[in-house]
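I am opening a notebook on one chain. The entries below record what I looked up, in the order I looked.

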Amino acid sequence: MATQMKKYVSVFEKTGTGYSAYSPDLDGCIATGKTREEVEREMCEAIAFHVEGIARSGEPISVA
């Protein structure tokens with residue numbers, strides 16, 4: 001069975017100590033990092049982890 005990658009919007013913000021990001025489509029999915037590049041990597045991992053958790057719980061995954 002092929003896995004299809006979905007796209008999720010991520011909002012990136014500069015903070016006093018680096019950057020933060022969240023996905024409005026995935027409640028509670030956030031990431032932080034000292035650089036924009038770091039927070040981008042962390043956010044990709046956070047989304048994958050979040051979606052995997054949703055799938056394992058049997059809940060429907062948002063495909064907005």
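I began with β1 and β2, which pair in the antiparallel sense over 4 bridges. For pairing I used the DSSP criterion, at least two bridges between two strands. Strands and helices are themselves DSSP runs (E, at least two residues, for strands; H or I, at least four, for helices), numbered from the N terminus. The model is a predicted one, and local features need pLDDT of at least 70, side-chain atom pairs count only at pLDDT 80 or more, and totals for chains, interfaces and linings use all residues. Residues are numbered from 1 along each chain as its sequence is written, and side-chain values use heavy atoms, with hydrogens and water left out.

**Hairpin and sheet**

I looked up the bridge partner of lysine 14 in β2 and found tyrosine 19. The hairpin of β1 and β2 has 4 residues between the strands, and glycine 18 takes a positive phi near 155° there.

I then followed β2, residues 19–22, to its other pairing: β2 and β3 are antiparallel over 4 bridges. On this side tyrosine 19 stands opposite glycine 33 in β3.

The 3 strands form an open sheet in the order β1-β2-β3, with antiparallel pairing. Its edge strands are β1 (11–14) and β3 (30–33), each of which pairs on one side only. I noted an average twist of 15° from one strand to the next. Angles here run from 0 to 180 degrees between N-to-C directions, with axes fitted as lines to C-alpha atoms, for helices over the stretch in contact.

**Helix on the sheet**

Which strands does helix α1 touch? Helix α1, residues 36–57, packs on the sheet and touches β1, β2 and β3. The direction of α1 makes about 155° with that of β3. Contact means heavy atoms within 4.5 Å.

Of the contacts between residues at least 6 apart in sequence, 21% join residues at least 24 apart.

**Core and burial**

I listed the largest nonpolar core: Tyr8, Ala21, Leu26, Cys29, Ala31, Val39, Met43, Ala46, Ile47, Val51 and Ile54, 11 residues in all. Helix α1 gives the most to this core, with 6 residues. Such a core is a set of buried Ala, Val, Leu, Ile, Met, Phe, Trp, Tyr and Cys residues joined through side-chain atoms within 4.5 Å. Buried means under 20% relative accessible area, exposed over 50%, and partly exposed in between (1.4 Å probe, protein chains only).

Apart from neighbours within four places in sequence, isoleucine 47 is in contact with Tyr8, Ser10, Leu26 and Cys29.

With neighbours within four places set aside, serine 23 is in contact with Tyr8, Val9, Ser10, Cys29 and Met43.

Phenylalanine 49 is found in helix α1. I log phenylalanine 49 as exposed because its relative accessibility is 65%. Its C-alpha atom is separated by 9.1 Å from that of cysteine 29, 20 residues apart along the chain.

Over the chain, 23% of the 64 residues are buried. The chain exposes about 4,900 Å², 55% of it supplied by carbon and sulfur atoms. These areas come from the Shrake-Rupley method with a 1.4 Å probe; for residues, only the protein chains shown count as cover.

**Salt bridges**

How many salt bridges does a search of the whole structure find? The search finds 2, each being a side-chain nitrogen of Lys or Arg within 4 Å of a carboxyl oxygen of Asp or Glu. Side chains of opposite charge can pair when their charged atoms come close.

- Glutamate 40 and arginine 36 meet at 2.7 Å, N to O. Both lie in helix α1, 4 residues apart, about one turn of the helix. Glutamate 40 is partly exposed at 34%, and arginine 36 is partly exposed at 35%.
- Arginine 56 pairs with glutamate 52, the closest N and O atoms being 2.9 Å apart. These two are separated by about one helical turn because they are 4 residues apart in helix α1. Arginine 56 is exposed at 69%, whereas glutamate 52 is partly exposed at 40%.
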